[in-house]
Amino acid sequence: MSKTGIVYHEDMMKHECEWDTTHPECPGRFQSCLDLLKESNTLKKCHVLPSREATNEEILKVHSQSHLQLLENTQDGVDNLEEFSSHYDSVYFNAHTSRAAKLAAGCSVTLVEAVIQEKIKNGIALVRPPGHHATHNEFGGYSFLNNIAIAAKVALESYGLTRILIVDWDIHHGQGTQRAFYEDPRVVYFSIHRYENAKFWPHLRESNYDYIGKGEGTGFNINIPLNSVGCGDMDYIHIFEEILEPIAKQYIPELIIVSAGFDSALGDPKGQMQVTPQCFALLCQKLMKISENKLALILEGGYCIKALSHCVLASINTLLNFPLPPLPEQKQNVSQTLKDVSKRIKVLLKDNWKFDVSPLKSPTEIEEIELNVAKHCQDGPPFPTRDDYWPPVSETTMKMLEEVTEKLRQYYKLCNSYTNE
Ligand SMILES: [Zn+2]
(Lines give C-alpha, C1' and ligand atoms only; values in the text may rest on other atoms or scores of the structure.)
Protein backbone atom coordinates (compact mmCIF):
# COMPACT_ATOMS: atom_id res chain seq x y z
CA MET A 1 0.00 0.00 0.00
CA SER A 2 1.18 3.48 -0.83
CA LYS A 3 2.12 5.53 2.19
CA THR A 4 0.82 8.69 0.56
CA GLY A 5 -2.91 9.24 0.88
CA ILE A 6 -5.32 11.32 -1.16
CA VAL A 7 -8.94 12.10 -0.40
CA TYR A 8 -11.54 13.89 -2.52
CA HIS A 9 -15.14 13.68 -3.70
CA GLU A 10 -16.43 14.82 -7.07
CA ASP A 11 -19.58 16.33 -5.50
CA MET A 12 -17.35 19.20 -4.40
CA MET A 13 -17.52 20.33 -8.04
CA LYS A 14 -21.26 20.99 -7.74
CA HIS A 15 -20.58 24.13 -5.70
CA GLU A 16 -20.42 26.90 -8.31
CA CYS A 17 -21.45 30.51 -8.87
CA GLU A 18 -24.62 30.31 -10.93
CA TRP A 19 -24.88 34.04 -11.69
CA ASP A 20 -21.22 34.60 -12.58
CA THR A 21 -19.58 31.80 -14.57
CA THR A 22 -16.25 33.66 -14.61
CA HIS A 23 -15.90 33.39 -10.82
CA PRO A 24 -12.30 32.40 -9.96
CA GLU A 25 -13.28 29.84 -7.30
CA CYS A 26 -14.68 27.48 -9.93
CA PRO A 27 -15.11 23.68 -10.27
CA GLY A 28 -12.40 23.68 -12.97
CA ARG A 29 -9.80 24.20 -10.24
CA PHE A 30 -10.58 20.80 -8.78
CA GLN A 31 -11.11 19.10 -12.16
CA SER A 32 -7.75 20.26 -13.55
CA CYS A 33 -5.86 18.88 -10.53
CA LEU A 34 -7.58 15.53 -10.79
CA ASP A 35 -7.02 15.37 -14.58
CA LEU A 36 -3.30 16.07 -14.26
CA LEU A 37 -2.90 13.51 -11.46
CA LYS A 38 -4.58 10.89 -13.64
CA GLU A 39 -2.74 11.80 -16.83
CA SER A 40 0.65 11.66 -15.08
CA ASN A 41 -0.18 8.31 -13.37
CA THR A 42 0.28 10.00 -10.01
CA LEU A 43 -3.16 9.18 -8.67
CA LYS A 44 -2.51 5.45 -9.09
CA LYS A 45 0.51 5.70 -6.81
CA CYS A 46 -1.55 7.16 -3.95
CA HIS A 47 -3.76 5.39 -1.45
CA VAL A 48 -7.27 6.79 -1.99
CA LEU A 49 -8.98 7.32 1.37
CA PRO A 50 -12.78 7.11 1.72
CA SER A 51 -14.42 10.54 1.58
CA ARG A 52 -17.19 11.71 3.88
CA GLU A 53 -18.98 14.81 5.16
CA ALA A 54 -17.83 16.27 8.47
CA THR A 55 -20.18 15.45 11.36
CA ASN A 56 -22.01 18.20 13.24
CA GLU A 57 -19.92 17.39 16.29
CA GLU A 58 -16.71 18.04 14.32
CA ILE A 59 -18.01 21.26 12.74
CA LEU A 60 -19.14 22.62 16.11
CA LYS A 61 -15.60 22.35 17.46
CA VAL A 62 -14.88 25.50 15.42
CA HIS A 63 -18.21 27.01 14.37
CA SER A 64 -21.40 28.06 16.15
CA GLN A 65 -24.68 26.21 15.87
CA SER A 66 -26.26 29.22 14.14
CA HIS A 67 -23.43 29.30 11.56
CA LEU A 68 -24.05 25.66 10.71
CA GLN A 69 -27.81 26.22 10.50
CA LEU A 70 -27.37 29.20 8.15
CA LEU A 71 -25.21 27.05 5.88
CA GLU A 72 -27.67 24.15 5.86
CA ASN A 73 -30.53 26.55 5.16
CA THR A 74 -29.02 27.49 1.81
CA GLN A 75 -29.75 23.99 0.48
CA ASP A 76 -33.42 24.84 -0.02
CA GLY A 77 -34.45 27.51 2.48
CA VAL A 78 -33.29 30.72 0.75
CA ASP A 79 -35.20 32.26 -2.19
CA ASN A 80 -32.55 34.61 -3.52
CA LEU A 81 -29.07 33.17 -3.02
CA GLU A 82 -27.30 36.10 -4.69
CA GLU A 83 -28.93 38.57 -2.33
CA PHE A 84 -28.12 36.26 0.61
CA SER A 85 -24.49 36.04 -0.53
CA SER A 86 -24.15 39.83 -0.57
CA HIS A 87 -24.37 39.83 3.24
CA TYR A 88 -20.92 38.22 3.38
CA ASP A 89 -17.56 39.38 2.10
CA SER A 90 -16.63 37.35 -1.01
CA VAL A 91 -18.75 34.21 -0.96
CA TYR A 92 -21.44 32.71 -3.19
CA PHE A 93 -23.91 29.95 -2.40
CA ASN A 94 -25.82 27.48 -4.53
CA ALA A 95 -27.93 24.51 -3.43
CA HIS A 96 -24.83 22.28 -3.29
CA THR A 97 -22.63 24.59 -1.21
CA SER A 98 -23.58 23.06 2.12
CA ARG A 99 -22.76 19.50 1.02
CA ALA A 100 -19.52 20.58 -0.70
CA ALA A 101 -18.37 22.49 2.40
CA LYS A 102 -19.15 19.53 4.67
CA LEU A 103 -17.31 17.19 2.29
CA ALA A 104 -14.28 19.50 2.23
CA ALA A 105 -14.18 19.56 6.04
CA GLY A 106 -14.87 15.80 6.35
CA CYS A 107 -12.15 14.88 3.83
CA SER A 108 -9.69 17.09 5.74
CA VAL A 109 -10.53 15.31 9.01
CA THR A 110 -10.22 11.89 7.32
CA LEU A 111 -6.77 12.74 6.00
CA VAL A 112 -5.48 14.01 9.34
CA GLU A 113 -6.91 11.00 11.19
CA ALA A 114 -5.27 8.60 8.71
CA VAL A 115 -1.89 10.27 9.31
CA ILE A 116 -2.30 10.18 13.10
CA GLN A 117 -3.39 6.53 13.02
CA GLU A 118 -0.37 5.77 10.78
CA LYS A 119 -2.55 4.30 8.04
CA ILE A 120 -0.55 6.58 5.77
CA LYS A 121 2.62 8.60 6.27
CA ASN A 122 1.48 11.75 4.54
CA GLY A 123 -1.12 12.92 2.08
CA ILE A 124 -3.33 15.55 0.55
CA ALA A 125 -7.00 16.48 0.79
CA LEU A 126 -8.01 17.74 -2.64
CA VAL A 127 -10.89 19.89 -1.49
CA ARG A 128 -12.99 22.92 -2.29
CA PRO A 129 -14.47 25.27 -1.20
CA PRO A 130 -11.42 26.57 0.71
CA GLY A 131 -11.69 27.04 4.46
CA HIS A 132 -9.09 29.21 6.17
CA HIS A 133 -11.11 32.47 6.12
CA ALA A 134 -14.19 30.97 7.81
CA THR A 135 -14.41 32.13 11.42
CA HIS A 136 -16.54 30.88 14.34
CA ASN A 137 -19.55 32.76 13.10
CA GLU A 138 -18.80 34.14 9.63
CA PHE A 139 -18.48 33.05 6.02
CA GLY A 140 -15.97 34.98 3.91
CA GLY A 141 -13.23 34.76 1.29
CA TYR A 142 -14.85 31.80 -0.54
CA SER A 143 -14.81 29.88 2.78
CA PHE A 144 -17.75 28.36 4.66
CA LEU A 145 -16.27 25.85 7.11
CA ASN A 146 -12.69 26.11 8.30
CA ASN A 147 -11.42 22.74 7.05
CA ILE A 148 -7.95 22.94 8.56
CA ALA A 149 -9.11 24.29 11.93
CA ILE A 150 -11.73 21.55 12.22
CA ALA A 151 -9.15 18.86 11.38
CA ALA A 152 -6.66 20.31 13.89
CA LYS A 153 -9.31 20.48 16.63
CA VAL A 154 -10.14 16.81 16.05
CA ALA A 155 -6.43 15.97 16.31
CA LEU A 156 -6.19 17.86 19.62
CA GLU A 157 -9.43 16.75 21.23
CA SER A 158 -9.98 13.21 19.92
CA TYR A 159 -6.37 12.07 19.65
CA GLY A 160 -4.75 14.11 22.43
CA LEU A 161 -2.04 15.71 20.29
CA THR A 162 -0.30 18.59 22.03
CA ARG A 163 1.96 20.09 19.34
CA ILE A 164 0.58 20.78 15.87
CA LEU A 165 2.25 23.08 13.38
CA ILE A 166 -0.06 24.68 10.82
CA VAL A 167 1.79 26.20 7.87
CA ASP A 168 -0.44 28.46 5.76
CA TRP A 169 1.25 29.32 2.45
CA ASP A 170 -1.94 30.46 0.73
CA ILE A 171 -1.37 34.05 -0.42
CA HIS A 172 -4.18 35.33 1.82
CA HIS A 173 -3.95 35.48 5.60
CA GLY A 174 -6.06 32.74 7.21
CA GLN A 175 -7.70 34.92 9.83
CA GLY A 176 -10.22 32.17 10.63
CA THR A 177 -7.46 29.74 11.56
CA GLN A 178 -5.51 32.40 13.47
CA ARG A 179 -8.55 33.21 15.61
CA ALA A 180 -9.33 29.53 16.29
CA PHE A 181 -5.94 28.97 17.96
CA TYR A 182 -4.84 32.46 19.02
CA GLU A 183 -4.62 31.58 22.72
CA ASP A 184 -3.70 27.92 22.28
CA PRO A 185 -0.05 26.81 22.62
CA ARG A 186 -0.94 23.37 21.29
CA VAL A 187 -0.94 24.88 17.80
CA VAL A 188 1.69 27.02 16.10
CA TYR A 189 -0.03 28.93 13.30
CA PHE A 190 2.55 30.11 10.75
CA SER A 191 1.21 32.15 7.84
CA ILE A 192 3.04 33.72 4.88
CA HIS A 193 0.75 36.15 3.06
CA ARG A 194 0.54 39.15 0.78
CA TYR A 195 -0.18 42.13 3.00
CA GLU A 196 1.08 45.39 1.49
CA ASN A 197 0.45 47.16 4.77
CA ALA A 198 -3.18 46.01 4.83
CA LYS A 199 -3.95 47.09 1.26
CA PHE A 200 -4.51 43.43 0.31
CA TRP A 201 -7.59 41.41 1.29
CA PRO A 202 -8.65 40.73 4.08
CA HIS A 203 -7.24 44.17 5.09
CA LEU A 204 -6.81 43.25 8.73
CA ARG A 205 -4.50 44.78 11.28
CA GLU A 206 -4.32 41.33 12.90
CA SER A 207 -2.54 39.89 9.85
CA ASN A 208 0.64 41.81 10.61
CA TYR A 209 3.77 40.38 12.20
CA ASP A 210 3.14 41.87 15.64
CA TYR A 211 0.10 39.64 16.24
CA ILE A 212 1.95 36.83 17.98
CA GLY A 213 -0.83 35.19 20.03
CA LYS A 214 -2.34 35.89 23.43
CA GLY A 215 -2.19 34.46 26.96
CA GLU A 216 -0.75 30.96 26.93
CA GLY A 217 -0.68 31.17 23.13
CA THR A 218 1.75 34.11 23.10
CA GLY A 219 4.58 33.35 20.68
CA PHE A 220 2.65 30.59 18.93
CA ASN A 221 1.08 32.74 16.20
CA ILE A 222 3.53 33.82 13.53
CA ASN A 223 2.59 36.07 10.61
CA ILE A 224 4.98 36.81 7.76
CA PRO A 225 3.43 39.74 5.87
CA LEU A 226 4.74 40.30 2.35
CA ASN A 227 4.62 44.00 1.61
CA SER A 228 5.43 43.81 -2.08
CA VAL A 229 4.35 41.58 -4.96
CA GLY A 230 6.75 39.50 -7.06
CA CYS A 231 8.18 37.42 -4.19
CA GLY A 232 9.64 34.20 -5.52
CA ASP A 233 11.37 30.97 -4.60
CA MET A 234 14.29 32.60 -2.79
CA ASP A 235 11.99 34.70 -0.59
CA TYR A 236 9.98 31.68 0.50
CA ILE A 237 13.12 29.61 1.11
CA HIS A 238 14.49 32.52 3.17
CA ILE A 239 11.34 32.56 5.32
CA PHE A 240 11.52 28.81 5.84
CA GLU A 241 15.21 28.74 6.69
CA GLU A 242 15.34 31.94 8.77
CA ILE A 243 12.13 31.65 10.76
CA LEU A 244 10.04 28.53 10.25
CA GLU A 245 12.75 25.88 10.56
CA PRO A 246 14.36 27.28 13.75
CA ILE A 247 10.92 27.45 15.40
CA ALA A 248 9.88 23.99 14.20
CA LYS A 249 13.13 22.43 15.42
CA GLN A 250 12.43 23.76 18.92
CA TYR A 251 8.69 23.01 18.89
CA ILE A 252 9.09 19.45 17.54
CA PRO A 253 5.58 19.14 16.09
CA GLU A 254 3.82 15.78 16.26
CA LEU A 255 2.02 16.65 13.06
CA ILE A 256 2.26 19.33 10.38
CA ILE A 257 -0.86 20.42 8.52
CA VAL A 258 -0.54 22.80 5.57
CA SER A 259 -3.15 25.26 4.36
CA ALA A 260 -1.91 24.54 0.87
CA GLY A 261 -3.17 27.42 -1.21
CA PHE A 262 -1.34 27.90 -4.48
CA ASP A 263 -2.41 31.48 -5.19
CA SER A 264 1.15 32.37 -4.18
CA ALA A 265 2.36 30.57 -7.32
CA LEU A 266 3.85 32.05 -10.48
CA GLY A 267 1.00 33.04 -12.82
CA ASP A 268 -1.70 33.49 -10.21
CA PRO A 269 -3.66 36.71 -10.88
CA LYS A 270 -4.60 37.29 -7.25
CA GLY A 271 -1.30 36.62 -5.56
CA GLN A 272 0.99 38.19 -8.20
CA MET A 273 3.88 36.28 -6.66
CA GLN A 274 6.36 34.02 -8.46
CA VAL A 275 6.77 30.82 -6.47
CA THR A 276 7.34 27.88 -8.82
CA PRO A 277 5.92 24.36 -8.50
CA GLN A 278 9.53 23.19 -8.10
CA CYS A 279 9.85 25.41 -5.02
CA PHE A 280 6.67 23.98 -3.49
CA ALA A 281 8.23 20.53 -3.93
CA LEU A 282 11.23 21.75 -1.92
CA LEU A 283 9.06 23.33 0.79
CA CYS A 284 7.16 20.04 1.14
CA GLN A 285 10.41 18.16 1.52
CA LYS A 286 11.58 20.56 4.22
CA LEU A 287 8.34 19.96 6.17
CA MET A 288 8.64 16.18 5.73
CA LYS A 289 12.09 16.33 7.32
CA ILE A 290 10.82 18.36 10.28
CA SER A 291 7.89 16.09 11.08
CA GLU A 292 9.49 12.76 10.22
CA ASN A 293 7.09 12.73 7.33
CA LYS A 294 3.84 13.25 9.29
CA LEU A 295 2.44 15.79 6.91
CA ALA A 296 -1.09 16.53 5.72
CA LEU A 297 -1.73 19.06 2.94
CA ILE A 298 -5.19 20.58 2.69
CA LEU A 299 -5.94 22.50 -0.48
CA GLU A 300 -6.98 26.15 -0.11
CA GLY A 301 -6.84 28.76 -2.91
CA GLY A 302 -5.11 28.87 -6.30
CA TYR A 303 -6.72 30.65 -9.24
CA CYS A 304 -4.38 30.09 -12.17
CA ILE A 305 -5.48 26.61 -13.12
CA LYS A 306 -2.23 25.65 -14.82
CA ALA A 307 -0.11 26.78 -11.88
CA LEU A 308 -2.45 25.22 -9.36
CA SER A 309 -2.53 21.75 -10.94
CA HIS A 310 1.26 21.66 -11.41
CA CYS A 311 1.90 22.80 -7.83
CA VAL A 312 -0.39 20.03 -6.59
CA LEU A 313 1.46 17.53 -8.80
CA ALA A 314 4.89 18.65 -7.56
CA SER A 315 3.74 18.52 -3.93
CA ILE A 316 2.30 15.01 -4.21
CA ASN A 317 5.33 13.69 -6.05
CA THR A 318 7.48 14.94 -3.18
CA LEU A 319 5.20 13.23 -0.66
CA LEU A 320 5.69 10.08 -2.76
CA ASN A 321 9.45 10.54 -2.34
CA PHE A 322 10.26 11.49 -5.91
CA PRO A 323 13.62 13.28 -6.10
CA LEU A 324 13.31 17.08 -6.08
CA PRO A 325 13.05 18.80 -9.45
CA PRO A 326 15.74 21.48 -9.90
CA LEU A 327 14.62 25.05 -9.11
CA PRO A 328 14.18 27.22 -12.20
CA GLU A 329 16.50 30.21 -12.37
CA GLN A 330 15.02 33.32 -10.79
CA LYS A 331 16.27 36.47 -9.18
CA GLN A 332 18.51 35.43 -6.31
CA ASN A 333 18.13 38.38 -3.98
CA VAL A 334 15.79 38.34 -1.02
CA SER A 335 14.03 41.71 -0.77
CA GLN A 336 15.22 44.15 1.88
CA THR A 337 11.70 44.67 3.25
CA LEU A 338 11.37 40.95 3.83
CA LYS A 339 14.75 40.84 5.57
CA ASP A 340 13.60 43.74 7.81
CA VAL A 341 10.35 41.99 8.65
CA SER A 342 12.28 38.80 9.46
CA LYS A 343 14.45 40.71 11.92
CA ARG A 344 11.48 42.33 13.64
CA ILE A 345 9.72 39.00 14.00
CA LYS A 346 12.78 37.42 15.56
CA VAL A 347 13.03 40.21 18.11
CA LEU A 348 9.32 40.04 18.95
CA LEU A 349 9.54 36.29 19.46
CA LYS A 350 12.86 36.26 21.31
CA ASP A 351 11.30 35.16 24.61
CA ASN A 352 9.68 32.16 22.94
CA TRP A 353 12.16 30.94 20.35
CA LYS A 354 15.91 31.11 19.91
CA PHE A 355 17.19 32.84 16.77
CA ASP A 356 20.42 34.27 15.66
CA VAL A 357 19.04 37.81 16.00
CA SER A 358 20.44 40.78 14.14
CA PRO A 359 20.02 44.39 15.45
CA LEU A 360 16.43 45.65 15.23
CA LYS A 361 15.31 48.55 13.13
CA SER A 362 12.33 50.29 14.73
CA PRO A 363 8.98 49.75 12.96
CA THR A 364 8.03 52.78 10.88
CA GLU A 365 5.04 51.64 8.88
CA ILE A 366 2.48 51.06 11.65
CA GLU A 367 0.77 54.41 10.99
CA GLU A 368 0.38 53.64 7.30
CA ILE A 369 -1.11 50.26 8.18
CA GLU A 370 -3.67 51.80 10.52
CA LEU A 371 -4.73 54.24 7.80
CA ASN A 372 -5.15 51.48 5.23
CA VAL A 373 -7.14 49.31 7.61
CA ALA A 374 -9.45 52.21 8.50
CA LYS A 375 -10.02 52.94 4.80
CA HIS A 376 -10.95 49.36 3.93
CA CYS A 377 -12.91 48.68 7.09
CA GLN A 378 -15.60 51.04 5.86
CA ASP A 379 -16.60 48.31 3.41
CA GLY A 380 -19.69 46.53 4.74
CA PRO A 381 -22.74 44.72 3.41
CA PRO A 382 -23.98 44.58 0.74
CA PHE A 383 -20.73 43.14 -0.62
CA PRO A 384 -20.28 42.81 -4.40
CA THR A 385 -21.26 39.38 -5.72
CA ARG A 386 -20.05 39.78 -9.33
CA ASP A 387 -16.93 40.74 -11.25
CA ASP A 388 -14.46 39.47 -8.70
CA TYR A 389 -11.05 41.23 -8.61
CA TRP A 390 -9.16 39.73 -11.54
CA PRO A 391 -6.19 41.71 -12.86
CA PRO A 392 -4.64 40.38 -16.05
CA VAL A 393 -1.40 38.43 -15.83
CA SER A 394 1.33 39.65 -18.18
CA GLU A 395 2.31 37.64 -21.23
CA THR A 396 5.88 37.40 -19.93
CA THR A 397 4.64 35.79 -16.71
CA MET A 398 2.48 33.31 -18.59
CA LYS A 399 5.43 32.44 -20.81
CA MET A 400 7.58 31.85 -17.73
CA LEU A 401 4.86 29.61 -16.30
CA GLU A 402 4.67 27.67 -19.57
CA GLU A 403 8.44 27.01 -19.47
CA VAL A 404 8.50 26.11 -15.81
CA THR A 405 5.59 23.64 -16.02
CA GLU A 406 6.99 22.06 -19.19
CA LYS A 407 10.33 21.47 -17.44
CA LEU A 408 8.48 19.94 -14.50
CA ARG A 409 6.52 17.55 -16.73
CA GLN A 410 9.66 16.44 -18.56
CA TYR A 411 11.43 15.88 -15.26
CA TYR A 412 8.67 13.70 -13.83
CA LYS A 413 8.34 11.81 -17.11
CA LEU A 414 11.99 10.91 -16.78
CA CYS A 415 11.53 9.90 -13.12
CA ASN A 416 8.57 7.73 -14.09
CA SER A 417 10.53 6.01 -16.83
CA TYR A 418 13.19 5.09 -14.28
CA THR A 419 10.75 3.93 -11.61
CA ASN A 420 8.78 1.85 -14.13
CA GLU A 421 11.81 -0.13 -15.22
ZN1 LIG B 1 -5.97 32.52 -1.03
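**Basis.** I am working from a predicted model, where local features need pLDDT of at least 70, side-chain atom pairs count only at pLDDT 80 or more, and totals for chains, interfaces and linings use all residues. I number residues from 1 along each chain as its sequence is written.

**Terms.** I take helices (H or I, at least four residues) and strands (E, at least two) as DSSP runs, numbered from the N terminus. I call a residue buried if 20 or more other C-beta atoms lie within 10 Å of its own, exposed if 12 or fewer, and partly exposed in between, with C-beta atoms placed from the backbone.

**Thr97.** I looked up Thr97 and found it in helix H5, residues 97-116. Thr97 counts as buried because 23 other C-beta atoms lie within 10 Å. I then listed its contacts (C-beta atoms, placed from the backbone, within 7 Å). Leaving out residues up to four places away in sequence, Thr97 touches His15, Thr74 and Phe144. I also checked Glu183, 86 residues from Thr97 along the chain, and the two C-alpha atoms are separated by 31 Å.

**Helix H3.** I turned to H3, residues 65-73, where His67, Leu70 and Leu71 are buried. Seen down the axis of H3, these buried residues fall within an arc of 100 degrees, so they line one face of the helix. The arc is that of the directions from the helix axis to the C-beta atoms. On the other side of H3, I noted Gln65, Ser66 and Gln69 as exposed. H5 is among what covers the buried residues of H3.

**Strand S3.** I looked at S3, residues 122-125, where Asn122 and Ile124 point one way, Gly123 and Ala125 point the other way, and all are buried. In a regular strand the side chains alternate between the two faces of the sheet. I count strands as paired if DSSP finds at least two bridges between them. S1 (residues 4-7) runs parallel to S3 and is joined to it by 4 bridges; Thr4 has Asn122 as its bridge partner. S8 (residues 295-299) also pairs with S3 in the parallel sense, over 4 bridges, and there Ile124 is partnered by Leu297.

**Helix H6.** I checked the span of H6, residues 147-159: its 13 residues reach 17 Å from first C-alpha to last, close to the 18 Å expected at 1.5 Å a residue. The expected span is 1.5 Å times one less than the number of residues. I found buried residues in H6 including Asn147, Ile150 and Lys153. Gly160 follows H6, and its phi is positive, near 70 degrees.

Technical notes. Contact = placed C-beta atoms within 7 Å.
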